[in-house]
Number of protein chains: 2
Amino acid sequence: MKTAIYQFAPAFGAKEKNLQKIEKTLLQTDVDLVVLPELCTTGYQFTSQKELDDLAESIPGSPTVESWSQLCQKKGFHLVAGLAEKDGDQFFNSAVLIGPEGYIGTYRKVHLFLDEKKWFQSGCSFHVWDIEKAKIGIMICFDWIFPEAARSLALQGAEIICHPVNLVLPYCQDAMITRSIENRVFTVTANRIGIEERVKDNPLTFTGGSQIVDPKGQRLFRLGAKVEAFQEMDIHVTKARDKQITAKNHIFYDRNPKVYQS
Amino acid sequence: MKTAIYQFAPAFGAKEKNLQKIEKTLLQTDVDLVVLPELCTTGYQFTSQKELDDLAESIPGSPTVESWSQLCQKKGFHLVAGLAEKDGDQFFNSAVLIGPEGYIGTYRKVHLFLDEKKWFQSGCSFHVWDIEKAKIGIMICFDWIFPEAARSLALQGAEIICHPVNLVLPYCQDAMITRSIENRVFTVTANRIGIEERVKDNPLTFTGGSQIVDPKGQRLFRLGAKVEAFQEMDIHVTKARDKQITAKNHIFYDRNPKVYQS
């Protein structure tokens with residue numbers, strides 16, 4: 001299953017421009033699954049609710065989702081991509097899953113980072129979707145630091161955890177190796193690059209380093225910190241179905257939830 | 001708080017010899033807390049229940065615990081060390097916590113690895129002990145791959161997770177960085193070195209690499225794969241009490257157990 005990441009620098013607020021850039025790149029590819037960064041159509045650093053209100057979209061049916069649906073139909077791939085969602089008077093830092101047949105589902109980020117709490121509401125569930133070639137779970141950025149996020153997806157059967165991110169700190173990529181090992185799943189972490197300087201004295205430098213890790217914790221590739229790149233990798237999803245760590249140890253059956261604090 | 005690891009190669013079945021070696025080394029030290037490897041008085045690779053029965057001890061009150069209690073009293077430190085426990089007709093891969101006032105408590109390994117399942121029963125709880133200078137949690141070796149183990153200890157207030165191990169695979173040490181970060185605790189992983197060739201065609205090479213990681217994921221030291229060493233580090237336990245990741249993010253309060261699968 002050809003799985004790809006497109007790491008680039010969205011321009012803040014320039015949705016049309018970002019969408020055109022994404023489309024231009026993805027039209028040239030031949031893959032099964034593409035993962036794009038968090039908030040990849042709008043940029044990250046909002047400075048007012050009004051700004052977010054102007055940029056966020058109702059899902060499904062929004063121009064972005066429609067545009068991506070056409071792209072998925074044309075190219076025959078599945079897409080996971082982060083965008084700002086509006087639902088009535090609520091806003092979510094979301095990611096959509098879209099396939100050749102159109103819109104499939106939305107994940108709303110559960111664990112919000114720093115000022116995201118000003119603008120967004122927290123999501124309240126983790127989902128796994130069966131797209132036949134694989135079972136897809138989605139988590140977004142800061143969800144990585146809570147082991148319960150990836151665990152919740154893996155326990156629901158996720159084989160590939162798609163992980164759109166806007167990382168500014170250096171810890172996540174190595175931690176995602178642990179997430180892959182402890183759940184025996186593929187993790188696909190799609191980060192952005194570039195700098196946003198929209199808040200005085202708080203410039204954000206996004207750290208790239210997008211990567212795919214296999215169920216045994218092998219990092220299949222890791223992109224540079226500053227490079228724009230479309231990187232694909234042929235992964236064997238069946239590897240994520242083997243939950244046997246040794247002949248006598250199973251990553252799930254060896255758990256003992258009765259003795260765990262939660 | 002001076003925290004130390006003694007990494008060495010226990011000789012299989014030679015309890016007296018191993019205890020003397022440990023005592024000789026620890027008598028020369030001046031620290032607050034020492035962590036020794038898993039099953040450090042007996043060795044690891046049992047070949048029969050009879051063999052284990054001959055080497056395992058009832059806790060407390062056993063010769064090993066008595067000997068270590070005297071050592072702790074003499075030196076004024078706390079000790080966490082792995083040993084084989086017998087309780088009636090049940091056996092556990094355990095670790096004891098002993099202080100200057102004597103025996104404090106036992107942790108029985110919850111997640112057993114491979115052939116350990118032949119010899120040992122699983123433990124059924126995670127404990128945290130307040131020794132005034134710090135709150136101590138214990139987990140053993142393979143517990144590392146289940147994020148619920150360290151999480152259970154951290155949620156009970158553990159500031160230092162003492163982690164006696166007999167590692168033969170290379171994944172654990174990096175994963176323990178994730179365990180420290182996701183719980184903002186110190187992790188003290190004490191591995192052994194050496195080779196055991198007690199089962200035909202299944203020699204075990206223990207991989208050393210004992211380490212301490214701080215609550216922000218900084219590895220304070222990592223010992224070599226083959227070196228016998230006593231290594232101490234002055235750690236500031238208060239760092240493990242700061243659970244604030246950012247001004248608006250708390251490692252525990254940001255959790256949302258209602259939405260987690262368990």
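In this predicted model, chain A and chain B share 25 residue pairs in polar contact, counting pairs with both residues at pLDDT 80 or more. On the chain A side, helix 4 (116–119), helix 5 (147–155), helix 6 (172–183) and strand 15 (244–246) each put at least two residues into the surface that touches chain B. Helix 6 of chain A is the top contributor here, with six residues. Sorted by class, that side of chain A comes out at 21 nonpolar, 11 polar and 12 charged residues.

Charged pairs show up too: there are 10 salt bridges between chain A and chain B. One pairing to look at is A:K117 with B:D254, whose side chains form a salt bridge at 3.0 Å, N to O.

As for extent, 44 residues of chain A are in contact with 44 residues of chain B. Putting the two chains together buries about 3600 Å², and carbon and sulfur atoms account for 61% of that area. Within chain A, the residues that lose the most area to chain B are A:E148, A:K248 and A:Q261, which together make up 16% of what that side buries.

Terms used
Residues numbered from 1 in each chain as written. Chains lettered and ligands numbered in written order. Predicted model: local features only at pLDDT ≥ 70, side-chain atom pairs only at ≥ 80, totals over all residues. Heavy atoms only, no water. Contact = heavy atoms within 4.5 Å. Buried area = accessible area lost by both parts, 1.4 Å probe. Salt bridge = Lys/Arg side-chain N within 4 Å of Asp/Glu carboxyl O. Polar contact = N/O pair within 3.5 Å; in protein donor to acceptor, adjacent residues only side chain to side chain. Helix = DSSP H or I, 4+ residues; strand = E, 2+ residues; numbered from the N terminus. Nonpolar A, V, L, I, M, F, W, Y, C, P; charged D, E, K, R; others polar.
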